[in-house]
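Reader: I would like to learn how to read the packing of a model such as this one. Could we go through it feature by feature?

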Amino acid sequence: MFRNQYDTDVTVWSPEGRLLQVEYAMESVKQGSACVGLRSSNYVVIGALKRSVNEMSSHQKKIMEIDSHMGIAIAGLTADARSLAKWMRNECLNHKYVYGESMPSKRLCDDLADRHQRTTQTYVRRPYGVGLLVGAYDEATGPHLYQTCPSGNVYEYFATSIGARSQSAKTYLEKHYEGFDNTEKDELIMHALRALSGCVQGDGELNKDNGSIAVVGKDQKFILIENDELSVYLDKLDVEGGNGEGEGEGGNDGDAMEES
Amino acid sequence: MSTLSFSLDPSAAQTTPSQRTQYPIVTGTSVVGLKYKGGVMLAADTLCSYGSMAKYKDARRIRTVGTNTIIGASGEYSDFQSIMDTLEGHTQDDVNYDDGHKSDAKSIHSYLRAIMYQRRSKMNPLWNDLVIAGSGFLGYVDKIGTTYEDDFIATGFGSYLAIPILRSKWRPDLTEGEARALLEDCLRVLFYRDCRALNRIQIAKVAEGETGVVSEPYELETNWEGAGFESTKGGMEGDGGW
């Protein structure tokens, strides 16, 4: 990536036809710790690796509930994510008040994409430095998984991952996603954990403090599975022997103060 | 009502302040609806009255919204037309979003509730009592934002005259023909006893899995020979007046 005189303003094109500020914002997402998302024909599971600044601090919350049928996993600037989550929650509540039904997820994500795009075309703002994995279940159309990007692109996925060392998770998901449609809820969670365990740094392992899973789907309101509840699944993972196989990149995790 | 003053000098022009709905002008009477075995049905006459005058005898008081919802209105006809404009815009929004989401009767009912209640809170109501029907759904919204759902609903005079008939005759497994006959009976009684009713009616239905349809208007058979219509005011001829 070139550092040059075209990269200080989001409203300035580079000679190659790129918006460098937007691309730098996308770098911020890549520095955040990994999130995964996958879906079957009835459920969506999102998972995240929670980072902690040091041993004394808590692990940063990475998954947020938006409504009883929707939640997000975040990678990048947590503060930006919270601002987006607040907006999404408000939209969902307003929709429920007026129309007496849950907000259709695609509609919300399209509006979310527009919100992102606006920041890439104005002088006085900056792009959001966070990527979201939005997991939702619509009564009418079933489960959905979307990925948002600082550029304003929103894509729907069967399975995906974002954040640091997420390539390991992507590889795992690519190998297994074709069977996901008929997978049961618990097995789907196991897939998420297996994908996530590949994203842990160096010698680290996925454990109940740094792992976080959420599920939403048919007859399943959005639910967060963490700590002791997560142990049930992590124990199964240990039995399989699938834990602690990080990419082993080691080294710096980026600026862990702001990003998670 | 404040007075207007007229002057050739524009700077001295005065206008009436903005006002709120005080009373309806052109009105429709009862709407009756019920759920039957294969769907839902609404019925209403095609009269809009101008006070006591039966002025518009081909008014369409039941309409479709999108493909799967029907709505019947009593009260101020122009407010119903305004509501239809709003709902048609809302239906078009669904098309424009292009995300496969189509508003159903339940969400339109809730949407109307929000609108009616907001107007009521601004002391400028849309002067209507509405019945919304769709697959497996039958709901009521009125000018002050009250809502309820039930197996059969009626507005206006219908709530006094048709509801007792429905309470007696309604069953959850009515066939389409039985449902139609029951609604016709209700509207016939309404024509006998409601001074602002007409015997020219429409029936609309949303059958399970099909689009909403509103029938062409047709006339109801009536029979005025019954003993109940003979007036016996003290043995005098006529109705007791002079």
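Reader: Among contacts in chain B between residues at least 6 apart in sequence, what percentage join residues at least 24 apart?

Author: Bear in mind that this is a predicted model. For chain B the share is 59%, taken among contacts between residues at least 6 apart in sequence. That chain has four helices and 14 strands, and 43% of its 242 residues count as buried.

Reader: Which residues have the most contacts inside the largest nonpolar core?

Author: A nonpolar core joins buried residues through side-chain atoms within 4.5 Å. Here the largest one has 28 residues, and those with the most contacts inside it are A:Leu38, A:Val45, A:Ile189, A:Leu193, A:Leu206 and A:Ile213. The elements of chain A that give two or more residues to this core include strand 1 (35–39), strand 2 (43–49) and strand 9 (211–217), together with helix 4 (166–176), helix 5 (185–197) and helix 6 (227–240); helix 5 of chain A gives the most, with seven residues. Apart from this core lies another, of 23 residues, among them B:Val32, B:Met41, B:Ile163 and B:Trp170.

Reader: With its neighbours within four places in sequence left aside, which residues is A:Ile213 in contact with?

Author: Its partners include A:Val45, A:Ile63, A:Ile189, A:Leu193 and A:Leu230.

Reader: Where does UniProt place the feature "domain: Proteasome alpha-type subunits"?

Author: The unreviewed UniProt entry places that feature at residues 6–28 of chain A, a stretch that is 39% helix and 0% strand, with its end C-alpha atoms 19 Å apart.

Technical notes
Residues are numbered from 1 along each chain as its sequence is written. Chains are lettered from A and ligands numbered from 1 in the order in which they are written. This is a predicted model: local features need pLDDT of at least 70, side-chain atom pairs count only at pLDDT 80 or more; totals for chains, interfaces and linings use all residues. Side-chain values use heavy atoms; hydrogens and water are left out. UniProt positions are given in the numbering used here, feature names are shortened, and annotations may be inferred rather than shown by experiment. Buried means under 20% relative accessible area, exposed over 50%, partly exposed in between (1.4 Å probe, protein chains only). Contact means heavy atoms within 4.5 Å.
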